[in-house]
4 protein chains.
Amino acid sequence: MPIRATVWNEFQHERDNATVRAIYPDGIHRTIAAALSADLAIEAATATLDEPEHGLSVERLAETDVLLWWGHKAHAAVDDAVVERVAQRVFEGMGLIVLHSGHFSKIFKRLMGAPCALRWREAGERERLWVINRSHPIVAGIGDCIELPNSEMYGEPFLVPEPLETVFISWYQGGEVFRSGLTYQRGAGRLFYFAPGHETYPIYHDAKIQRVLQNAVHWAHNPAKPWTDVSTAPNVPITAAREPLEQRGGSLHAPGEEGFR
Amino acid sequence: MPIRATVWNEFQHERDNATVRAIYPDGIHRTIAAALSADLAIEAATATLDEPEHGLSVERLAETDVLLWWGHKAHAAVDDAVVERVAQRVFEGMGLIVLHSGHFSKIFKRLMGAPCALRWREAGERERLWVINRSHPIVAGIGDCIELPNSEMYGEPFLVPEPLETVFISWYQGGEVFRSGLTYQRGAGRLFYFAPGHETYPIYHDAKIQRVLQNAVHWAHNPAKPWTDVSTAPNVPITAAREPLEQRGGSLHAPGEEGFR
Amino acid sequence: MPIRATVWNEFQHERDNATVRAIYPDGIHRTIAAALSADLAIEAATATLDEPEHGLSVERLAETDVLLWWGHKAHAAVDDAVVERVAQRVFEGMGLIVLHSGHFSKIFKRLMGAPCALRWREAGERERLWVINRSHPIVAGIGDCIELPNSEMYGEPFLVPEPLETVFISWYQGGEVFRSGLTYQRGAGRLFYFAPGHETYPIYHDAKIQRVLQNAVHWAHNPAKPWTDVSTAPNVPITAAREPLEQRGGSLHAPGEEGFR
Amino acid sequence: MPIRATVWNEFQHERDNATVRAIYPDGIHRTIAAALSADLAIEAATATLDEPEHGLSVERLAETDVLLWWGHKAHAAVDDAVVERVAQRVFEGMGLIVLHSGHFSKIFKRLMGAPCALRWREAGERERLWVINRSHPIVAGIGDCIELPNSEMYGEPFLVPEPLETVFISWYQGGEVFRSGLTYQRGAGRLFYFAPGHETYPIYHDAKIQRVLQNAVHWAHNPAKPWTDVSTAPNVPITAAREPLEQRGGSLHAPGEEGFR
């Protein structure tokens with residue numbers, strides 16, 4: 001059974017800005033979805049901000065194994081309830097790949113618990129993403145590095161928690177560096193942040209970038225059954241204790257009563 | 001100059017429940033503040049839910065080096081704006097020590113980006129907190145372990161991100177285990193989660209528990225000047241680049257323009 | 001193509017000690033290999049201390065995707081050159097699963113860079129291994145925990161580096177806890193330490209233990225081509241620099257000369 | 001009481017090579033020791049390869065709180081017994097700061113359990129070390145970055161375990177990046193790897209580099225009493241168990257007998 005990927009895009013710049021439209025006439029989401037579908041083990045669909053529930057209904061998320069997220073100028077327009085729904089699905093085991101300016105998306109900030117700030121410059125300068133562990137599944141087939149002739153600079157300090165693994169570090173022509181590929185685990189879900197993808201350059205048309213996205217979908221896919229009660233805190237009554245116990249001391253709760261949240 | 005600690009408590013059970021009141025007649029916050037003040041390098045104040053702005057005004061937080069947080073049944077009553085204010089101060093460098101049922105507080109969930117769920121049982125059973133690295137500053141003077149004759153069981157799985165360091169792991173009489181002391185970094189701020197502290201047992205009167213709290217205040221204190229713009233993403237204009245650059249490619253932004261958030 | 005697993009055992013106790021022989025008449029390695037082979041995606045072979053080169057020749061290791069290691073009283077008899085050979089294969093991408101008393105094996109200490117010490121007691125007491133992330137591939141099919149009616153106690157502090165992931169934490173009847181399943185990455189190789197397996201109890205006959213070993217072989221397998229020059233430090237001559245450079249300042253080396261090691 | 005730092009240097013290039021001698025006429029160790037001593041809270045001594053026991057006798061190490069290590073062409077000349085002695089002291093709580101080409105020293109490889117390989121180029125190119133967390137104690141007073149007009153390039157992939165914290169990432173003129181400041185914990189000891197320091201450039205005369213070294217000595221200093229038995233695995237007899245136990249099942253050991261190592 002193929003991995004079900006959903007590519008989410010706010011889909012604004014492609015309609016507002018001629019430069020972006022020329023590069024992504026059908027939207028960034030369609031370019032990425034087409035690239036993913038070139039891998040026959042992936043089945044890619046899309047969703048955008050303007051659809052009902054931003055295209056991320058309960059049903060759609062239940063049928064998504066890995067979600068990719070591209071957003072930039074409309075972060076604030078994303079409904080908090082949808083953000084919380086996506087977070088819960090990540091906790092249950094859905095993979096999440098956050099792209100580029102998604103560093104400031106509600107969902108990324110929600111899952112990092114950190115400022116997610118960085119420095120930036122839109123000068124079309126050269127970026128070179130160095131591979132840190134060339135045997136990591138996310139970089140299969142990539143070689144030593146990825147060179148982008150034109151890129152937006154994202155510079156350290158990048159205000160995120162220490163990652164599980166640093167997958168890429170970027171060099172910029174203007175003199176900065178950036179941890180441009182980072183992995184995290186949240187509940188049962190795997191998360192990959194991947195920095196390149198500024199909309200005024202044809203970055204998602206690059207073959208190596210497309211390969212990283214395919215690899216990352218495989219990496220982020222958790223085949224385990226969704227852990228649907230991952231966020232609940234069940235009481236374990238004395239009678240269900242693994243070792244014999246007798247009640248002692250004072251108590252706030254009547255037997256079997258639910259805890260406070 | 002002493003470290004300025006503020007002990008925050010929702011201060012509800014001590015007024016509602018005779019068992020709790022008998023143990024903490026002046027409130028858990030006062031017991032903890034007195035314990036901290038026994039360390040002359042610490043200057044401890046208190047704040048509670050019912051005070052204006054929950055006692056956590058901008059001014060008060062600006063004068064707090066390390067905040068301790070105890071909450072249980074009134075998590076939902078904490079104002080979101082105050083939670084965000086506390087999170088921002090942590091990012092700037094304020095230390096945060098989250099206690100016991102604070103695992104489900106808004107501020108802990110905000111900073112973990114994870115469900116923070118666990119299993120629990122209120123049976124007054126024995127808990128033994130094993131020290132993992134006996135040379136860690138948080139456990140100075142503690143020895144091998146801390147024994148609590150009566151405790152609430154908190155059991156794994158504890159749904160938090162992998163910590164920077166596992167400081168304590170607890171054994172429970174009823175057969176469970178729990179990572180009861182964990183450290184994290186968020187922005188410039190250090191965070192310590194410390195599990196024991198159920199309000200129906202006199203845990204904060206225990207000398208070893210008090211010593212851990214004192215140690216943790218020292219550990220969480222960041223003497224660096226607050227990083228007040230930690231959450232902003234400044235543009236680095238081409239003219240300020242460290243290496244000579246010329247503008248290339250398309251652009252979304254006029255020169256010097258602010259980015260989207 | 002199946003994953004090629006090699007189960008290494010010092011194979012001493014099974015010949016010296018009647019208790020152990022009764023449980024593992026053909027040796028621990030054969031019991032484990034049979035359990036792995038029940039998974040048709042795994043092809044398991046064995047190797048033992050008394051074979052030439054301990055059964056771990058260059059050729060054999062080149063044909064091993066994942067190595068499992070069980071040793072106890074004969075750690076010192078393992079040849080340093082073979083240890084180094086195994087370490088190099090791990091760096092190149094071979095998976096390694098270190099079992100039980102292997103915490104004090106040369107290969108585990110070599111890869112941890114830490115004392116690897118712990119406390120222990122052979123009392124046949126009850127052990128319960130709690131699953132920390134039930135959606136981790138190593139615990140697929142295991143449920144909440146594994147109960148062992150008789151086990152050797154291994155107690156904290158366990159002197160190893162902070163792991164990538166804590167997979168299991170054990171509860172012991174006698175009052176201790178232990179991080180009994182830990183993951184690490186070394187070069188291109190994945191490493192899993194799994195604590196249970198004392199030779200006087202039939203632990204490797206337990207169905208859940210066998211399932212963990214199968215899962216761990218899948219998890220530790222890195223399908224990438226071996227990174228054979230992972231330990232070398234190549235010079236990047238000026239002429240091969242990605243950006244134009246001119247030699248400046250003093251130099252120790254003639255152009256193209258090899259570095260010191 | 002001041003922190004007792006010992007600066008170890010192989011002290012070979014300064015005697016063999018006129019370029020290096022001109023920069024460090026008394027040896028790199030004396031330049032660093034003088035820089036440390038400018039901080040009145042540090043008392044710095046030196047030790048070199050040619051001294052008996054390389055200047056690292058049991059007594060000297062017992063009186064060292066933090067050891068700094070500079071070596072390059074004579075790694076192989078360092079006695080294995082001294083390396084093991086230093087490793088044991090780190091496990092007991094001594095801080096260790098490994099400098100530059102020390103990435104291939106026996107002691108660093110011993111403590112990393114990894115290849116410690118990297119790419120390199122001696123072209124005198126520009127290096128810029130970016131600060132990742134500007135509130136980390138190791139970078140106090142440093143600002144955004146350190147610029148070195150001439151440096152040896154060290155490039156990723158750097159084959160070390162994921163660090164506790166990434167403190168610096170370097171940008172190089174020739175197009176590479178490097179994680180140039182990394183922290184680790186081994187037993188009770190803290191370890192900082194700091195990449196700059198090629199001997200043909202006056203890097204240890206740079207005021208910011210000196211400040212980082214002073215800061216790192218403070219950071220690496222563990223005031224806890226040395227954990228002298230950190231590497232032993234004591235038996236916990238049944239009579240000393242924290243919970244009542246009775247012997248069950250088979251046993252390899254007579255009561256109270258020492259375990260195998």
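Me: What is the area buried between chain A and chain C, and what do carbon and sulfur atoms give of it?
Reply: In this predicted model, about 1,800 Å² is buried between chain A and chain C, and carbon and sulfur atoms give 42% of that. The value is called buried because it is the accessible area that the two parts lose on being put together, summed over both.

Me: How do you know which residues of chain A and chain C are in contact?
Reply: The test is heavy atoms within 4.5 Å. By that test, 23 residues of chain A are in contact with 23 residues of chain C.

Me: Why is the pair A:E243 and C:R126 called a salt bridge?
Reply: The closest N and O atoms of A:E243 and C:R126 are 2.5 Å apart. The cut-off is 4 Å between a side-chain nitrogen of Lys or Arg and a carboxyl oxygen of Asp or Glu, so the pair qualifies. Across the interface of chain A and chain C, 6 salt bridges are found. The interface also has 8 residue pairs in polar contact, counting those with both residues at pLDDT 80 or more.

Me: Which strands of chain A each supply at least two residues of the side that touches chain C?
Reply: They are β5 (119–131) and β6 (145–155) of chain A. The largest share, 3 residues, comes from β5(A). By class, this side of chain A has 8 nonpolar, 5 polar and 10 charged residues.

Me: How many residues does the contact take from chain A and from chain B?
Reply: The contact takes 71 residues from each of these two chains. Chain A and chain B bury about 5,600 Å² between them, with 58% of it on carbon and sulfur atoms.

Me: What is the count of salt bridges between chain A and chain B?
Reply: The count is 0. Elements α2 (18–23), α6, β5 and β6 of chain A give two or more residues each to the side that touches chain B. Of the elements, β5(A) gives the most, with 8 residues. The residues of this side divide into 29 nonpolar, 23 polar and 19 charged.

Me: Why is the pair A:D80 and A:K106 called a salt bridge?
Reply: The N to O distance between the side chains of A:D80 and A:K106 is 2.8 Å. This is within the 4 Å cut-off, so the pair is a salt bridge. The pair links distant parts of the chain, 26 residues apart: A:D80 is in helix α5 (residues 80–92) and A:K106 is in helix α6 (residues 106–112) of chain A. Over all chains, the structure holds 60 salt bridges.

Me: What makes β2 and β6 of chain A edge strands?
Reply: The open sheet of chain A has 9 strands in the order β2-β1-β3-β4-β9-β8-β7-β5-β6, with mixed pairing. Strands β2 (42–48) and β6 each pair on one side only, and that makes them the edge strands. From one strand to the next, the twist averages 25°.

Me: How do you know that β5(A) pairs with β7 of chain A?
Reply: The rule asks for at least two bridges, and 5 join β5(A) to β7 (residues 165–172), so the two strands pair. They run antiparallel. Within this region, A:E127 stands opposite A:Y172 in β7(A).

Me: Which strands of chain A does helix α3 lie across?
Reply: Helix α3 (residues 28–37) of chain A lies across β1 (3–9), β2, β3 (66–70) and β4 (95–99), running at about 170° to β2(A). Helix α7 (residues 207–220) of chain A also packs on the sheet, and its direction makes about 165° with that of β9(A).

Me: Why is the peptide bond from C:E156 to C:P157 called cis?
Reply: Its omega is near 5°. C:P157 is found in the loop between β6 (145–155) and β7 (165–172) of chain C. A cis peptide bond also joins D:E156 and D:P157, with omega about 0°. Most peptide bonds are trans.

Me: What is phi of C:H100?
Reply: Phi of C:H100 is near 45°, a positive value in a residue other than glycine. Most residues other than glycine have a negative phi. C:H100 is found in the loop between β4 (95–99) and α6 (106–112) of chain C.

Definitions and conventions: Residues are numbered from 1 along each chain as its sequence is written. Chains are lettered from A and ligands numbered from 1 in the order in which they are written. This is a predicted model: local features need pLDDT of at least 70, side-chain atom pairs count only at pLDDT 80 or more; totals for chains, interfaces and linings use all residues. Side-chain values use heavy atoms; hydrogens and water are left out. Buried area is the accessible area (1.4 Å probe) that two parts lose on being put together, summed over both. A polar contact is a pair of N or O atoms within 3.5 Å; within protein, one must be able to donate a hydrogen and the other to accept it, and residues adjacent in sequence count only if both atoms are side-chain atoms. Helices (H or I, at least four residues) and strands (E, at least two) are DSSP runs, numbered from the N terminus. Ala, Val, Leu, Ile, Met, Phe, Trp, Tyr, Cys and Pro count as nonpolar, Asp, Glu, Lys and Arg as charged, and the others, Gly among them, as polar. Axes are lines fitted to C-alpha atoms, for helices over the stretch in contact, and angles run from 0 to 180 degrees between N-to-C directions.
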